[in-house]
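Me: Could you walk me through this structure and tell me what lies behind each label you use?

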Amino acid sequence: MSKGAAAGAAGAGPGGKKKGQKEFTGRQKAAIFLVTMGSEVSSEIFKYLREDEIEALTFEIARLETIDSEQKDSILEEFKEMMLANQFISTGGIDYARELLEKSLGSQKAVDIINRLTSSLQVRPFDFIRRTDPSHLLNFIQQEHPQTIALILAYLEPNKASVIMQNLPEEVQSDVAKRVATMDRTSPEVLREVERVLEKKLSSLSSEDYTSAGGVESIVEILNLVDRASEKKIIEALEEEDPELAEEIKKRMFVFEDIVMLDDKSIQKVMREVDSAELSKALKSVDTEVQDKIFRNMSKRAAGMLKEDMEYMGPIRLKDVEEAQQKIVAIIRQLEDAGEIVVARAGEDELVV
């Protein structure tokens, strides 16, 4: 059972009551469900709930009266329907869930279930465009204001956002990138208005809580997936407009652990430019996969000396490790810009001649 389903059961309204049956609250139904499942299953479910939710359900379980089999069956059936709806939402979004539920349970029942479920689940803004082809979406939004485009990209999966980013007009790319990077919180009113323009039917399902999206990490994910040419243009434009932001983005674009993505020849070129003292510091906190990749591209003698340096170095501040790693990352980017090594990126032809 997922946490969302448990929360949905606890927060669900009194729907699903048959004529002559006692009307239960959402918490009472959740309590009945847990008792029916037994202590072993219930204890596992409790691991995914907050302390206040456990407290409330424990209180309801303690004050439960005798429940007949028909009432139990009705509650279990309701839970099954909500789980099914939750699965449909996860697979294809609200519209997809509603469509399938209508076919199997009828329109009114489908609406009741969706309403109960979405009252307890936070539906991610722009969920309805999850299955939209990026090229179609690009045609739809490229004439929008850069802030609107940035808001949409911040909520899209990075692989889709990158396709849109690299196909935007060059004069818009850096503006959108900057807006995504500096985005913090967006009010539900703004989200609803943008969603209304894109899909009127879903405006009422926007979360009432302020939702976080965007930021430097978001634009880094997107830029890591665009082609190198687009990335360079965007970064260069940002360097002119906001040098500090551009530097922060560049620092996160290629992390030290990504060195395993380089081929052996590229790593050997990088090693020739790296100070051995900096390399021993940089390898101090990485996993064995990264270390082994480096050692394999060194002579046995050099690898042995490097291992000795690391062994006798003793404790070292994490800050010093990160600084050493960043120096090596800077060398990798310089070599890439000079065309001496190739860093594989999405959207580029992998053939090298």
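Reply: Happy to! Accessible areas come from the Shrake-Rupley method with a 1.4 Å probe, and for residues only the protein chains shown count as cover. On that basis the protein exposes about 19,500 Å², with carbon and sulfur atoms supplying 49% of it. This is a predicted model, where local features need pLDDT of at least 70 and side-chain atom pairs count only at pLDDT 80 or more, while totals for chains, interfaces and linings use all residues. Residues are numbered from 1 along each chain as its sequence is written, and side-chain values use heavy atoms, leaving out hydrogens and water.

Me: Why is serine 162 called buried?

Reply: Buried means under 20% relative accessible area, exposed over 50%, and partly exposed in between (1.4 Å probe, protein chains only). Serine 162 has a relative accessible area of 4%, so it counts as buried. Across the protein, 42% of the 353 residues are buried.

Me: How do you know that the buried residues of α8 line one face?

Reply: Pro134, Leu137, Leu138 and Ile141 are the buried ones. Their arc, taken from the directions from the helix axis to the C-beta atoms, is within 105 degrees, so they line one face of α8. On the other side, His136 and Asn139 are exposed.

Terms used: Helices (H or I, at least four residues) and strands (E, at least two) are DSSP runs, numbered from the N terminus.
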